[in-house]
Amino acid sequence: MSGTTEIDPAAAKAEIIAYAKKRGALVVGVADLAAIERIAPPGHRPSDIMPRVKSVIALGVGGQTQGAWSVPAKAMAYFGSTETRAYSCAYGLSFFIENRFQTPSIYCPPDMDNEAGPRVPMQSLKLHAELAGIGARSLAGDILLHPEFGYMYFASVFTELELPADAPLAENPCPAPSCVDMYRKVGQTPCMKFCPVQCLSGRIDDAGRQAEMHYDMAACAEMTQQYEAVPAVIAAALAAEDAAARTDALFDPDNKMLWYKMSVGSGGLLAQCFECMRVCPIATRAPQADPIRRSKLGS
Ligand code: SF4
Ligand code: SF4
């Protein structure tokens, strides 16, 4: 292929989807770029990273195996996340697009904005995926859920290649009918009830749809983002009055786990609480939520 003028956008999109699915993506979509540019705050729009961007491709890989949902929280902390698979798929896709279509492309960094602190991402992969129609916001802190594949991990690619956009999902699978029943009886859905720090709340309307969602991000982050604890441990060690107190601060068994996780590069420093998803009927029992279910459906 010699130049962008010869590229058929629909055919290019089909090749991109085929590549990503071969590399492990379960769903792939193209978000409406104008909508992202309108919704994302200044500094966090795709054009802030790639000024000539024409398309935002979002992809999702499957979450846990079926067996993972039944292991103790401390074990799941180490292998519950499959996000790196999504990132490597997107990384490869950016190379594939440049190689196949000779058009500049980038892997969208999923990382935090170093000018805004550790709770502000450079780009919202969630917004990209939502507008690309591969997930809908749930009552569990806006975690995206898919009616067919349940709980997934997302990654994005920006490209100067013009591709036809998809629409957001027409129906939101959250709340599931059983969650609505529980809410009517006890005023909470499973994700709200079993969150260990009670950081989720909300309201379901008479039609059984989301009316309000509240998420205490700070409470969740203290539970899940263990990298935030590292500076506090170091500060306590620096402020210790004597050598014994300093040793206590650094070698407390809980704190030693932080050093262990850092030394092995463990994903257990990031989002290592899965309790809201463990009890979610969409995350755990959607028709193709795990490899066992997917194999039965031949996918
Ligand atoms: S990840 Fe854990 S702390 Fe955060 S909302 Fe889910 S259950 Fe609550
Ligand atoms: S448990 Fe899942 S489906 Fe039910 S309300 Fe929470 S996020 Fe939605």
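Some ground rules: it's a predicted model, where local features need pLDDT of at least 70, side-chain atom pairs count only at pLDDT 80 or more, and totals for chains, interfaces and linings use all residues. Residues are numbered from 1 along each chain as its sequence is written, and chains are lettered from A and ligands numbered from 1 in the order in which they are written.

Start with ligand 1. There are 13 residues around it (C-beta, placed from the backbone, within 6 Å), and Cys 195, Cys 220, Cys 273, Glu 275 and Cys 276 come nearest. Helix H9 (217-224) and helix H13 (275-278) each give two or more residues to that shell; helices here are DSSP runs of H or I, at least four residues, and strands are runs of E, at least two, numbered from the N terminus. H9 has the largest share, 3 residues.

Now ligand 2. It also has 13 residues around it, with Cys 174, Cys 179, Thr 189, Cys 191 and Cys 280 nearest. Helix H8 (190-194) and helix H14 (281-285) each supply at least two of the shell residues.

On to strand E6, residues 150-159. Buried or exposed? Mostly covered: 10 of its 10 residues are buried, meaning 20 or more other C-beta atoms, placed from the backbone, within 10 Å of their own.

What pairs with E6 (pairing takes at least two DSSP bridges)? Strand E2 (55-62) runs antiparallel to E6 with 8 bridges, and Ser 55 partners Thr 159. Strand E3 (105-107) is antiparallel to E6 too, over 3 bridges. Strand E5 (144-146) pairs antiparallel over 2 bridges, and a hairpin of 3 residues joins E5 to E6.

Key: A residue is buried if 20 or more other C-beta atoms lie within 10 Å of its own, exposed if 12 or fewer, and partly exposed in between; C-beta atoms are placed from the backbone. Two strands pair if DSSP finds at least two bridges between them.
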